[in-house]
Amino acid sequence: MTESSTSGVRGMTVAAAFAGMKSVAPVVFRAGCPDCRGRFELAASALRLAIGATSRTTFYSFTCPECGAAVRKPAGERIVELLTGGGVSTLRLHSTLQH
């Protein structure tokens with residue numbers, strides 16, 4: 001079996017499919033610390049997103065690189081979309097209440 005038959009595209013090799021791709025700059029997010037008022041950029045790996053059942057339980061968090069404070073901020077739909085699209089680790093929170 002050849003690469004072209006496993007890729008599902010007849011006559012195209014894996015090397016040809018990726019030949020035009022360029023390296024992508026890592027995504028960074030601008031953030032601020034409410035404690036020290038520092039403003040900085042964070043890589044996706046420095047952020048965590050928690051998605052709860054309601055807007056009150058959906059938030060993102062990070063550690064301030066300037067003062068070390070644990071920061072937690074609410075995340076609306078647009079923020080969730082940007083963070084998940086940028087590769088931020090996401091945790092889905094589930095209710096422990098039984099109905």
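Phe40, Tyr60 and Phe62 form one aromatic cluster. The model is a predicted one, in which local features need pLDDT of at least 70, side-chain atom pairs count only at pLDDT 80 or more, and totals for chains, interfaces and linings use all residues. Residues are numbered from 1 along each chain as its sequence is written, and side-chain values use heavy atoms, with hydrogens and water left out.

**View 1. The aromatic pairs of Phe62.** Rings of Phe, Tyr and Trp (for Trp, the six-membered ring) are paired if their centres lie within 6.5 Å, with planes under 30 degrees apart counted as stacked, over 60 as edge-to-face and the rest as tilted; by this rule there are two aromatic pairs. Phe40 and Phe62 make an edge-to-face pair, at 5.9 Å centre to centre and with 75° between the planes. This pair links distant parts of the chain, since Phe40 belongs to strand E2 (residues 39–43) and Phe62 to strand E4 (residues 59–63), 22 residues apart; strands (E, at least two residues) and helices (H or I, at least four) are DSSP runs numbered from the N terminus. The rings of Tyr60 and Phe62 are stacked, because their centres are 6.3 Å apart and their planes lie at 20°. Phe40 and Phe62 are both buried, as are both Tyr60 and Phe62, where buried means under 20% relative accessible area, exposed over 50% and partly exposed in between (1.4 Å probe, protein chains only).

View 2. Two strands are taken to pair if DSSP finds at least two bridges between them. Strand E3 (residues 48–51) runs antiparallel to E4 and is joined to it by three bridges, with Phe59 in E4 as the bridge partner of Ala50. E4 also pairs with strand E5 (residues 70–74) in the antiparallel sense, over five bridges, and here Phe62 stands opposite Val71. E4 and E5 form a hairpin with six residues between them, and Gly68 in the turn has a positive phi of about 85°. The charged end of Arg72 sits over the ring of Phe59, 3.6 Å from its centre; the criterion is that NZ of Lys or CZ of Arg is within 6 Å of the ring centre and within 35 degrees of the ring normal.

**View 3. Thr58 in the loop between E3 and E4.** Thr58 lies in the loop between E3 and E4 and counts as buried, at 8% relative accessibility. A polar atom of the Thr58 side chain lies 3.0 Å from the backbone oxygen of Thr54. Leaving aside neighbours within four places in sequence, Thr58 is in contact (heavy atoms within 4.5 Å) with Ala50, Ile51, Gly52, Pro74, Ala75 and Val80.

View 4. A search of the whole structure finds zero disulfides, a disulfide being a pair of cysteine sulfur atoms within 2.5 Å. Cys33 is in no disulfide, and the nearest cysteine sulfur, that of Cys64, is 3.8 Å away. The sulfur of Cys36 also has that of Cys64 as the closest cysteine sulfur, at 3.7 Å, which is too far for a bond. Cys33 is buried, with a relative accessible area of 4%, whereas Cys36 is partly exposed, with 32%. Arg37 lies in the loop between strand E1 (28–32) and E2, where Arg37 is exposed, with a relative accessible area of 66%, and has a positive phi of about 65° although it is not a glycine.

Note on methods:
A polar contact is a pair of N or O atoms within 3.5 Å; within protein, one must be able to donate a hydrogen and the other to accept it, and residues adjacent in sequence count only if both atoms are side-chain atoms.
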